[in-house]
Amino acid sequence: MTLTAPDASATGDLDEAELQARFDALIEADQRIEPRDWMPGAYRKTLIRQISQHAHSEIIGMQPEGNWISRAPTLKRKAILMAKVQDEAGHGLYLYSAAQTLGISRDEMTEQLITSRARYSSIFNYPTPTWADMGAIGWLVDGAAICNQVPLCRASYGPYGRAMVRICKEESFHQRQGFEILLELSQGTEAQHRMAQEAVDRWYWPSLMMFGPPDDESPNSAQSMAWKIKRFSNDELRQRFVGMLVPQAEVLGLTLPDPNLRWNEERGQWDMSEIDWTEFNEVLAGRGPANAQRIQHRRDAHEDGAWVREAAAAYAEKRAARERQAA
Amino acid sequence: MPTPGDVAGEGWPLYEVFVRANRGLSHVHVGSLHAPDDDMALRNARDLYTRRNEGVSIWVVRSSAITTSDPDQKGAFFESPAGKNYRHAKYYEKSAEVPHL
């Protein structure tokens, strides 16, 4: 991995401890760290991992929905879905740009993704068998993503926070369009209502898993919170998300598939059934329903697009040569 | 000093993107992208940063063409205005209560 070296003339006269103290003071004062500031190696590494995973998730996330563009029920639905998938591509690009400011190249990240050395959100390894899954993805998956992402707008690394602000602004349309797909199905025929309920049953638990393992089993969380990359714990965000879903499910006339879900006045939180982490770990380890297919598709797209990238580079080179000659 | 994001091994040059939201406003930096040439940078910037009518005009500029101040020397570099609070209107207190001043 190539890392942008801090400029020797600027920082050469400071030793590591002083630089670390300056960094700590910026974090303590809730100031942002910018690309050319000195930062601890572990902070840079954590960010590269998190931001590139996040970018990969957006890019892979285009697939389960892209799959439905040609089959969406109306022209308007197709147009909406296309806009949403285009947004995901945009979000991936904002995030790749943010990761690139940390010294990793786009090619390296792409390589890591298509050789399965990088992770992406395991949620995208589930199949989307019905149109109602488009609704459930928008409502639950994008909803969980928003819940995770809003606090990331205040992440201590400037370019990441700025990318997140832009993403969150665009993401709210995604959740609403999903909600409305489900609402329409839920209020439709009996078969449509059932289709909506089954999609919610499929996506509810995986969307809760998107917040990551429980706090006491999330080893990296404490450090990320100390660095103010992460602002709330996995369980806090999961609780917040469930709290938002309950009244929304009522409006939809659909049931959240957890018989033990209820507000616990005493503890001030939602009681819920145990999450099946074995499933989560299986999917994370690459044994989910669609892992291989997603990566294969991404690899094919990258390879099929090679001639376009080569042609663009050749054209740019030809024009530059012509300009040099004219000068 | 290397420009952030313009690292070795990057196939295409890095561009910074500036968008004017409306007539009468300045172009504001919105982000960056990589592109093989200026024209592609402009087209990609339109697709990436103005999908919702965010702008009426776009600038793209190669990051390598930008000269920046050094973040580690911001104290020294921006020292001059410090201690010159008489450059601000609120330094002049005696006139605070006088109307239209």
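At what angle do helix 5 and helix 8 of chain A pack, and how far apart are their axes? Keep that in mind as you open this predicted model and follow the stops below.

**Stop 1: colour by confidence**

Start with chain A coloured by pLDDT. The chain averages 91, and 96% of its residues score at least 70. Among the elements of chain A, helix 9 (residues 190-209) has the highest mean pLDDT, 97, while helix 1 (residues 8-11) has the lowest, 46. Now select residues 1-10 of chain A: the pLDDT there is below 50, and beyond near neighbours in sequence this stretch has 24 contacts in the model.

**Stop 2: helices 5 and 8 of chain A**

Next, select residues 75-100 and 158-186 of chain A. Here is the reply to the opening question: helix 5 and helix 8 pack at an angle of about 160 degrees, with their axes 10 Å apart. An angle over 145 degrees counts as roughly antiparallel, so helix 5 of chain A is roughly antiparallel to helix 8 of chain A. Look along the pair and you will find a left-handed crossing. Colour the contact residues by type: 12 are nonpolar, three are polar and nine are charged.

**Stop 3: helices 3 and 5 of chain A**

To see the contact, show side chains in helix 3 of chain A, including A:Ile51, A:His54, A:Ala55 and A:Ile59, and in helix 5 of chain A, including A:Glu88, A:Gly92, A:Leu95 and A:Tyr96. The residues of this contact divide into eight nonpolar, five polar and two charged.

**Stop 4: A:Asp142**

Now centre on A:Asp142, which sits in helix 7 (residues 132-152) of chain A. Is this residue buried or exposed? Its relative accessibility is 5%, so A:Asp142 counts as buried. Leaving aside neighbours within four places in sequence, display its contacts: A:Lys84, A:Glu88, A:Ile137, A:Glu171, A:His174 and A:Gln175.

**Stop 5: chain B**

Finally, switch to chain B. Draw its contacts with a separation of 6 or more, and 45% of them join residues 24 or more positions apart.

Methods
Residues are numbered from 1 along each chain as its sequence is written. Chains are lettered from A and ligands numbered from 1 in the order in which they are written. This is a predicted model: local features need pLDDT of at least 70, side-chain atom pairs count only at pLDDT 80 or more; totals for chains, interfaces and linings use all residues. Side-chain values use heavy atoms; hydrogens and water are left out. Axes are lines fitted to C-alpha atoms, for helices over the stretch in contact, and angles run from 0 to 180 degrees between N-to-C directions. Helices (H or I, at least four residues) and strands (E, at least two) are DSSP runs, numbered from the N terminus. Angles under 35 degrees count as roughly parallel, over 145 as roughly antiparallel, 65 to 115 as roughly perpendicular and the rest as oblique. A crossing is left-handed if the near helix is turned anticlockwise from the far one by less than a right angle, and right-handed if clockwise. Ala, Val, Leu, Ile, Met, Phe, Trp, Tyr, Cys and Pro count as nonpolar, Asp, Glu, Lys and Arg as charged, and the others, Gly among them, as polar. Buried means under 20% relative accessible area, exposed over 50%, partly exposed in between (1.4 Å probe, protein chains only). Contact means heavy atoms within 4.5 Å. pLDDT is the predictor's confidence in each residue, from 0 to 100.
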